[in-house]
Amino acid sequence: MVYSPYQPLIDPKHYSNLSIVLTFIGFCFLSDFVIYQFTKQKEQRALTKELAIGFFTALFLSSGTVFTFLALGLYF
């Protein structure tokens with residue numbers, strides 16, 4: 001059986017760019033969530049919208065953190 005070397009799906013030279021872009025998008029969702037919480041009254045808020053914004057915030061910030069670690073050479 002012949003094995004081929006591992007080829008990552010994303011080229012490692014793009015890790016730093018991805019970390020910046022994903023973290024920026026995550027902070028945009030985070031700012032939208034904070035503004036939504038401060039500008040709406042309790043009765044006007046929708047749980048589904050809060051959960052959706054929170055989900056995308058967590059998704060983008062965690063992905064940005066992973067690519068930041070990879071760009072810095074911290075493999076886990």
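## Charged pair and aromatic cluster

Asp11 is partly exposed, at a relative accessible area of 36%; the class lies between buried (under 20%) and exposed (over 50%), for a 1.4 Å probe and protein chains only. The model is predicted, so local features need pLDDT of at least 70 and side-chain atom pairs count only at pLDDT 80 or more, while totals for chains, interfaces and linings use all residues. Residues are numbered from 1 along each chain as its sequence is written, and side-chain values rest on heavy atoms, without hydrogens and water.

One salt bridge is present in the structure, the term requiring a side-chain nitrogen of Lys or Arg within 4 Å of a carboxyl oxygen of Asp or Glu. Its partners are Lys13 and Asp11, at 3.9 Å from N to O.

Aromatic rings of Phe, Tyr and Trp (its six-membered ring) pair if their centres lie within 6.5 Å; planes under 30 degrees apart are stacked, over 60 edge-to-face, and the rest tilted. Phe29 and Phe56 are stacked because their ring centres lie 5.8 Å apart with the planes at 25°. Phe29 belongs to helix α1 (residues 15-39) and Phe56 to helix α2 (residues 47-71), so this pair ties together parts 27 residues apart in sequence. Phe29 also stacks with Phe60, at 5.6 Å between centres and 10° between planes. Since Phe60 lies in helix α2 and Phe29 in helix α1, the parts tied together here are 31 residues apart in sequence. Helices are DSSP runs (H or I, at least four residues), numbered from the N terminus. Phe29, Phe55, Phe56 and Phe60 form one aromatic cluster.

| Residue | Relative accessible area | Class |
|---|---|---|
| Lys13 | 61% | exposed |
| Phe29 | 26% | partly exposed |
| Phe56 | 36% | partly exposed |

How values were computed. Helices (H or I, at least four residues) and strands (E, at least two) are DSSP runs, numbered from the N terminus.
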